[in-house]
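Could you walk me through this structure?

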Amino acid sequence: MTARCVPRVLALFVLVLASCGGARATSSLRVVSRYVDRGVVQVDNPVVQASLGASVTDELDNRWSLQAWGNVNLTENSGHGDFADDQQGEVTQLDLTGSWGRSLGRTELLLTATRIEFEDAPRRAGSTTELSAYWSFPVCPLTPILGLTLDVDEIDDYYLSLETSHPIAVEERWRVDLFGRVGYFGDEYARVYTGEPTGGVADFVFGPQFEWRLSPSTRFVADLLLHRSSEEAYRDRLRERGLTPDNLVLTGGVVVRL
């Protein structure tokens with residue numbers, strides 16, 4: 001079902017670009033060593049993740065955008081992730097997101113609605129819809145982003161996140177940032193994602209991100225991130241399946257943004 005949605009999504013973007021003369025198209029292609037989402041390893045082998053988007057700013061400085069994001073497994077075995085095996089080369093997840101953003105003084109507000117379609121993920125909730133709000137605010141020398149996500153379909157619960165980055169080296173065409181994020185599960189989110197009966201701190205992510213500006217519109221980004229899930233029930237679930245869970249998961253990825 002997911003793969004059949006791709007042509008419709010692409011056609012939607014063509015219509016958006018055709019109807020909005022000032023629209024800006026964006027795309028990215030990312031290769032990452034494993035797919036980790038909110039502290040849980042979804043695919044424990046390399047994947048390709050691509051996105052295609054279109055955005056426009058109206059006369060009142062409201063920013064409207066649409067984006068499609070997809071995950072493609074590069075191996076037949078998903079490892080101990082939530083997706084089924086034998087999906088090499090297939091689109092296993094497709095997200096379609098519409099968003100509105102606006103500057104509010106020195107702060108930024110972003111509201112999003114995302115439809116998430118899974119091709120075959122027998123060990124997690126089915127396809128669902130999430131509504132999110134993100135608020136960024138300067139706290140010298142950082143600009144934290146506080147996020148609240150509500151699953152209004154399959155899980156009917158919330159996920160909180162707080163992330164920030166800090167530049168440690170900046171040159172004319174390249175920069176290095178330190179990135180960090182902490183997430184918090186509500187009770188039902190924790191139960192679906194990890195099997196924990198109650199919510200709590202879900203995950204920690206930390207590591208450097210490197211960015212090279214190849215041209216005014218093309219950037220190459222690489223990162224090396226350390227993930228830690230704080231949910232013991234998730235690791236117990238892996239042990240029951242005869243697998244050795246990692247308390248710390250290291251991921252490396254490269255992405256080209258156009």
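Start at Gly195, the residue that follows helix H2: its phi is positive, near 90 degrees. Keep in mind as you look that this is a predicted model. Helix H2 itself covers residues 187-194, and its buried residues are Tyr189, Ala190, Val192, Tyr193 and Thr194.

Searching the whole structure turns up seven aromatic pairs. Take Tyr159 and Phe185: their rings make a tilted pair, 5.4 Å centre to centre, with 50 degrees between the planes. This pair ties together distant parts of the chain, with Tyr159 in strand S10 (residues 157-170) and Phe185 in strand S11 (residues 174-185), 26 residues apart. Tyr159 and Phe185 are both buried.

For another pair, go to Phe210 and Trp212, which are stacked: 6.3 Å separates the ring centres, and the planes are 20 degrees apart.

Arg38 lies over the face of the Tyr159 ring, at 4.8 Å from the ring centre.

Now for the loops, where the backbone does something worth a look. Asp156 sits in the loop between strand S9 (145-151) and S10. Its phi is positive, near 60 degrees, and this is a residue other than glycine. Asp156 is exposed, because its relative accessible area is 61% and the cut-off for exposed is over 50%. Asp61 also has a positive phi without being a glycine, near 65 degrees in this case. You'll find Asp61 in the loop between strand S4 (47-57) and strand S5 (63-73).

Finally, zoom out to the whole protein. It has three helices and 14 strands. Of its 258 residues, 40% count as buried. The protein exposes about 13400 Å², with carbon and sulfur atoms supplying 59% of that area. As for contacts with a separation of 6 or more, 52% are between residues 24 or more positions apart. The Tyr159–Phe185 pair, 26 residues apart, is one you've already seen linking distant parts of the chain.

How values were computed: Residues are numbered from 1 along each chain as its sequence is written. This is a predicted model: local features need pLDDT of at least 70, side-chain atom pairs count only at pLDDT 80 or more; totals for chains, interfaces and linings use all residues. Side-chain values use heavy atoms; hydrogens and water are left out. Buried means under 20% relative accessible area, exposed over 50%, partly exposed in between (1.4 Å probe, protein chains only). Helices (H or I, at least four residues) and strands (E, at least two) are DSSP runs, numbered from the N terminus. Contact means heavy atoms within 4.5 Å. Accessible areas come from the Shrake-Rupley method with a 1.4 Å probe; for residues, only the protein chains shown count as cover. Rings of Phe, Tyr and Trp (its six-membered ring) pair if their centres lie within 6.5 Å; planes under 30 degrees apart count as stacked, over 60 as edge-to-face and the rest as tilted. A charge sits over a ring if NZ of Lys or CZ of Arg is within 6 Å of the ring centre and within 35 degrees of the ring normal.
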